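Reader: I would like to learn how to read the features of a model like this one. Could you take me through it step by step?

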Amino acid sequence: MKLVIAIVQDKDSNRLSNSLIKEGFRATKLASTGGFLRAGNTTFMIGVEDERVGEVMQIIKANCKIREQMVTPVSPMGGTTDSYIPFPVEVQVGGAAVFVVPVERFEHF
């Protein structure tokens, strides 16, 4: 058995959740926050048999797309703010960060 931990952008969360349910996978959703953009994320924890990990990965890949977004960087912490002029920059957001870890034991009560 494996535990798939997928961190996805909030915009992709409902679509991914619906697709997982449709294919018979149960998942626990946790609200989380990204460190770089400080934007909302959803972390999915999905327990799955070893032979079905590929199916889960395909569902995640199909529902979590990378997109471009304009963001304005926060002001520098240590420098002077007199000469700091924030310019919007385009960054990639979305997609999914996925970890697959072995499960030594699983109990359901």
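## Reading the model

Author: Glu104 is exposed, with a relative accessible area of 84%. "Exposed" here means over 50% relative accessible area, "buried" under 20%, and "partly exposed" in between (1.4 Å probe, protein chains only). Before we go on, a word on conventions: this is a predicted model, in which local features need pLDDT of at least 70 and side-chain atom pairs count only at pLDDT 80 or more, while totals for chains, interfaces and linings use all residues. Residues are numbered from 1 along each chain as its sequence is written, and side-chain values use heavy atoms, with hydrogens and water left out.

Reader: What is the mean pLDDT of the chain, and which elements have the lowest and the highest values?

Author: The general idea is that pLDDT gives the predictor's confidence in each residue, from 0 to 100. Where it is low, the predicted coordinates should not be read in detail. For this chain the mean is 84, and 74% of the residues reach 70 or more.

Reader: How do I read the interior, and what share of the residues is buried?

Author: Of the 109 residues, 25% count as buried. A nonpolar core is a set of buried Ala, Val, Leu, Ile, Met, Phe, Trp, Tyr and Cys residues joined through side-chain atoms within 4.5 Å. The largest one here has 14 residues, and Leu16, Leu20, Phe44, Val56 and Ile60 have the most contacts inside it. Strand S1 (2-9), H1, S3 and H2 each supply at least two residues of this core, and H2 gives the most, with four.

Reader: Now for charged pairs. How many salt bridges are there?

Author: A salt bridge is a side-chain nitrogen of Lys or Arg within 4 Å of a carboxyl oxygen of Asp or Glu. By that rule there are three. One joins Arg15 and Asp12, at 2.5 Å from N to O. These two residues are three apart in helix H1 (residues 10-22), so about one helical turn separates them. Asp12 is buried at 0% relative accessibility, whereas Arg15 is partly exposed at 39%.

Reader: And which residues form the others?

Author: Arg52 pairs with Glu55 at 3.1 Å, N to O. Arg52 is partly exposed at 25%, and Glu55 is partly exposed at 37%. Arg105 pairs with Glu107, their closest N and O atoms being 2.9 Å apart. Arg105 is exposed at 65%, while Glu107 is partly exposed at 43%.

Reader: How should I read a pocket, and how much space lies in the largest one?

Author: Picture a 1 Å grid over the protein atoms alone: a pocket is an open set of points where a 1.4 Å probe fits, with protein on both sides within 12 Å along at least five of seven lines, and lining residues have an atom within 4 Å of a point. Points are joined across faces, edges and corners, and the volume is the space filled by probe spheres set on them. The largest pocket here holds about 390 Å³. Its lining has 16 residues, with Arg26, Ile46, Gly47, Val48 and Phe106 nearest the centre. Strand S3 (residues 40-48) provides the largest share, four residues.

Reader: Phe106 is one of the residues nearest the pocket centre. Where does Phe106 sit in the chain?

Author: Phe106 lies in the segment after S6 and is exposed, at 53%. Phe106 and Gly47 are 59 residues apart in sequence, yet 8.8 Å apart in space, C-alpha to C-alpha. Glu104 and Leu3 are 101 residues apart in sequence and 9.9 Å apart in space, C-alpha to C-alpha.
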